[in-house]
Amino acid sequence: MIPSLNVIFPKNLNEALSLLSDNSDSSKIIAGGTDIIPGLNQELNRFKEIKNLIDVNQIPELKGIIRSKEKISIGAAETFSDILQNDTVRELFPLLWKAASGVGSVQIRNRATIAGNFVNNAPCADSVPALLIYNATLEIESLSSKKEISLNEFLSAPYRTKLNRDEIVTKINIPFADKNFTGEFFKLGRRRAVAISRITLALLVDWRDSVINEIRIASGAVTPIGARFFELEKYCSGKKADDQFKKDLSRKLAEQIIKVTGLRWSSEYKLPVVQQVCYQMLKNIESQHEYGI
Amino acid sequence: MKMKVEFKLNGANVSVFAEPNRRLIDLLREEFELTGTKEGCGVGECGACTVLMNGRAVNSCLVLAVQAAGNEITTIEGIANGDLINPLQKNFLEFGAVQCGFCTPGMVLSASALLDKNPDPTEDEIKEAVAGNLCRCTGYKQIIEAVKETARLSRKN
């Protein structure tokens, strides 16, 4: 059963920030509630300090998807269903669209918000690798400050982020790429729908005359939190993109993942899958690129 | 402390006092005795507690009762016209899409939300719409057929 608590419905951002400004452990933001409500109901440890839930669903500053010249800005409390209906996301950030389409079920996507996904920061958060690979940044406000940091910097450990108790993520900004990227997003769960991800991978590649100009690689679920592989990305740039390269990169990615997680009981299964999936994704990206899809 | 919650329930304006830690499913079942909304898993995986919130399917076990304030909630009791069942319900019966019946209210509401915005869904779109509704009698085929037939008939009329 959900422990006894208060729920407060601020009408605007300032009101919400004032409610958080005492910096206390006992106040927590609720948006879609798809993690926090079952978590409270199961009396999970990480929610046990909560005395006040600040519901942000009626705050206009956290809503809306706006396209400007150089980026798209997504309101933090936009649901996955809203994001899936946005043409700019579908056309220009197809990996984010695909990741969003695989979150939970229709019922979950109708409530769950994009910021909730990475503020909760479960290792399996599907939108995280997709946002990381597009170099998403977050606008964060408190009563006394306003800043913008990259999602990569924001995520610190499983279920932990750099968000202070008096702050709210207000917007997610995703810049339009100046490269000719082709990409793929892959999710492996134990079943095809309503599945918690076991492995997610996101790849963006800019090929130029069969040479890798730039590549971006991100994973989720198979690493403790969603992560980019910057070293590996650097290693790839300028390489000739032949079959040997695809095999090399797939092997190296699996090695990097082991480096982050250490050997686990599941490694014997997951690593060959990561390698095979990475190789297949590269082949798909190459053929999309060749046919100009 | 109880909070006043005013919302639209199955077309009627209602006002009720609810504890902030009460879930919408509990309010619907216990306060309004709308027991067509079922609790299966309680964590948002089975969809037995599906209701419509402003026309969209949501799991009522993942919504707090106080979050219903200002919104429009439709339960399975609200989609029939009094004693007259709606075409989706009729086709569920005709196609044998009901076995134990526990998933049926949620299944019908998910399908109803789909048909409201997409009167001519493909089979894949139907599957996607009900993917969050588990049927452990595994009668999915009949369910999908019932939804297809409802769409077909409504287009004909």
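This is a predicted model: local features need pLDDT of at least 70, side-chain atom pairs count only at pLDDT 80 or more; totals for chains, interfaces and linings use all residues.
Residues are numbered from 1 along each chain as its sequence is written, while chains are lettered from A and ligands numbered from 1 in the order in which they are written.

Let's start with the sheet. Chain B has an open sheet of 5 strands in the order S2-S1-S5-S3-S4, with mixed pairing (strands are DSSP runs of E, at least two residues, and helices are runs of H or I, at least four, numbered from the N terminus; two strands pair if DSSP finds at least two bridges between them). At the edges sit S2 (12-18) and S4 of chain B, each pairing on one side only. Further in, S3 (residues 50-53) and S5 (residues 72-74) of chain B pair in the antiparallel sense over 2 bridges. Look for Met53(B), whose bridge partner in S5(B) is Ile73(B).

Now for the helices. H3 (residues 87-94) and H6 (residues 140-156) of chain B have axes that come within 9 Å and cross at roughly 135° (axes are lines fitted to C-alpha atoms, for helices over the stretch in contact, with angles from 0 to 180 degrees between N-to-C directions). That makes H3(B) oblique to H6(B), the class left over once angles under 35 degrees count as roughly parallel, over 145 as roughly antiparallel and 65 to 115 as roughly perpendicular.

Finally, the contact between the chains takes 22 residues from chain B and 22 residues from chain A (C-beta atoms, placed from the backbone, within 7 Å). On the chain B side, the largest share, 4 residues, comes from strand S4 (residues 56-59).

How values were computed. Two residues are in contact if their C-beta atoms, placed from the backbone, lie within 7 Å.
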